[in-house]
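Please report on the fold and the helix packing of this chain. Keep it brief.

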Amino acid sequence: MQHDTHRDQHDQHDRHTDHADHTDHSAHTAHAAPHPGGASWSMAARATLHCLTGCAIGEILGMVIGTALGWGNMETMVLAIVLAFFFGYSLTLRSVLKAGVDFRTALKVAFAADTLSIAVMELIDNGVIALWPGAMDATLADTLFWGALAISLAVAFVVTTPVNKWVIGRGKGHAVVHQYHH
């Protein structure tokens, strides 16, 4: 009896193995939309790069202003973090507003999309700089200042990308922003 069941399954499979009449679906592989429970690494990297751009603008501007004004390390770092959040949110806000969304909704979207990503990026970025020997005391004219800043941003990108992949895969973070892109 079991043998007959396997034969029936085999016969059924043989009837369905002729796939010549199926349409080629290879054109659909270029879609970058995440499937439930996951997101592509390229989508996560693009979201992280977007976040990194805003963070880097704010971080560099804050470090340059604080260092040029002779502020202490703590004041300079706080300014850099505040500006990183400001520019990170501003870039997202700008793109959502371009889609015709009202300011209040766009602001909510920016906060929802970027807060975790910017927070992780700033934690890693500033942590690397704080732990790098001499980096906190380097001046704008020092190679150490720019080298440590560049490396800290690269490390922040590497650490934040999996976070964004996880968040986007759950329909949060930059997945929310993509609803407003045309």
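Buried means under 20% relative accessible area, exposed over 50% and partly exposed in between, with a 1.4 Å probe and protein chains only. Buried residues make up 34% of the 182 residues in the chain. This is a predicted model: local features need pLDDT of at least 70, side-chain atom pairs count only at pLDDT 80 or more, and totals for chains, interfaces and linings use all residues. Residues are numbered from 1 along each chain as its sequence is written, and side-chain values use heavy atoms, leaving out hydrogens and water.

The chain has 6 helices and 0 strands. Helices (H or I, at least four residues) and strands (E, at least two) are DSSP runs, numbered from the N terminus.

A nonpolar core is a set of buried Ala, Val, Leu, Ile, Met, Phe, Trp, Tyr and Cys residues joined through side-chain atoms within 4.5 Å. The largest one holds 19 residues, of which Cys-55 and Met-121 touch the most other members.

| Helix | Residues |
|---|---|
| H2 | 41-68 |
| H3 | 73-98 |
| H4 | 103-131 |
| H5 | 143-169 |

Apart from that core lies another, of 5 residues, including Val-96 and Val-109.

Contact means heavy atoms within 4.5 Å. Leaving aside residues up to four places away in sequence, Met-121 touches Thr-48, Cys-51, Leu-52, Cys-55, Ala-156, Phe-157 and Thr-160. Residues 24 or more positions apart account for 70% of the chain's contacts with a separation of 6 or more.

Just after H2, Gly-70 takes a positive phi of about 75 degrees.
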